[in-house]
Amino acid sequence: MVATPVKAATERKETILTPRFYTTDFGAMANLDISGHEAEFEAMLAEFQADYNRRHFVRDKEFEQSWAHLDEKTKEHFRFFLESSCTSEFSGFLLYKEIAVRIKDKNPIVAECFNLMSRDEARHAGFLNKAMQDFDMVLDLSNLSKTKKYVYFAPKFIFYATYLSEKIGYWRYIKIHQHLAAHPENRIYPIFKFFESWCQDESRHGDFCNLLLRTEKQNIEGWQANWWSRFFLLSVFATMYLNDMCNRKEFYEALGMNTEEYVKVVIRETNRDAMKAFPVVLNVDHPEFWARLEACIPHMHQINRIQASDQPQWQKALAKLPHQLFLAWQFLRLMLMQPIVSPKGAIL
Ligand SMILES: [Fe+2]
Ligand SMILES: [Fe+2]
């Protein structure tokens, strides 16, 4: 074990890219009508109850060593990765647990699925939190849940957003796992060998969110569903792209990965997967899609620099404005690009 003092992960600044905590309309969630899909929900519940990863998240001997040999920069990037991953997992745990508790009397099958998903997310967050201690850091999860701002989303938006965050989570973990399986010399910390089974949890969670989306036809058919699909796909993809390209590049490079190739393949695979859930997906094969995202990178760096400066808040807001307008313009143009219609019968 490392003997240096442990520091709390509380000083990091909130940015538009930090993971968020969500809340929703629990009454509407309780009234969700699953008739017509009951067999699928029962099958999903059986999958969660099988609990394939019950014995997976156990720290083995490989963790019992000092990580002092890693250079300080690599450790700092690791901390950032572990902290944001742990916060995302914990945010999922809180939301799923709260839904499960609030709807269990009226909608027991859906509630139990949420309850078992919260079990998975608690394991994931706990495992990451232990890893953070290896890098001299603790994340006070109970305090985090009290101090973080909660964003309200109506149930259907929770379904779109969580479907995508689960599926992109799956692709993120599996692609890191595949890279390190091919280049074991770059596996500088043992947590990555847990990713293969771990990401199967995320994929199942995504499948459940897909099922929730299909409880109402208007979520997957018609012009509104088309626009919401485009909006959520773009939000999730742009967030990942800018986060990875501007804030996490060094982390991926420490693992011997090419960040740009990684982020592109994860977005492409998630977009392809989303054809099973959304009526339309983004045209990620169009060069304009990547050109517009790439153009945002220097502006994101500028925003980060201004945010980290010592200027008064009003000066920061003023200085960031032209860069934020640039991003907003690019996102608007990306939203207006011609989408790809999901093939007939693709939606599961
Ligand atoms: Fe998770
Ligand atoms: Fe998950």
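At roughly what angle do helix α4 and α7 cross, and within what distance do their axes come? In this predicted model, local features need pLDDT of at least 70 and side-chain atom pairs count only at pLDDT 80 or more, whereas totals for chains, interfaces and linings use all residues. Residues are numbered from 1 along each chain as its sequence is written, and chains are lettered from A and ligands numbered from 1 in the order in which they are written.

The axes of helix α4 (residues 108-134) and α7 cross at roughly 150 degrees and come within 11 Å. Axes are lines fitted to C-alpha atoms, for helices over the stretch in contact, with angles from 0 to 180 degrees between N-to-C directions; helices are DSSP runs (H or I, at least four residues) numbered from the N terminus. The crossing angle therefore makes α4 roughly antiparallel to α7, a term for angles over 145 degrees. Contact residues (C-beta atoms, placed from the backbone, within 7 Å) are Cys 113, Met 117, Asp 120 and His 124 of α4 and Trp 198, Asp 201, His 205 and Phe 208 of α7.

Helix α6 (residues 155-182) packs against helix α7 (residues 195-213) at about 160 degrees, with the axes 8 Å apart. The two helices are therefore roughly antiparallel. Residues of α6 in this contact include Phe 159, Tyr 163 and Tyr 170, and those of α7 include Trp 198, Cys 199 and His 205. By class, the contact of α6 with α7 has 13 nonpolar, 7 polar and 4 charged residues; Ala, Val, Leu, Ile, Met, Phe, Trp, Tyr, Cys and Pro count as nonpolar, Asp, Glu, Lys and Arg as charged, and the others, Gly among them, as polar.

Note on methods:
Angles under 35 degrees count as roughly parallel, over 145 as roughly antiparallel, 65 to 115 as roughly perpendicular and the rest as oblique. Two residues are in contact if their C-beta atoms, placed from the backbone, lie within 7 Å.
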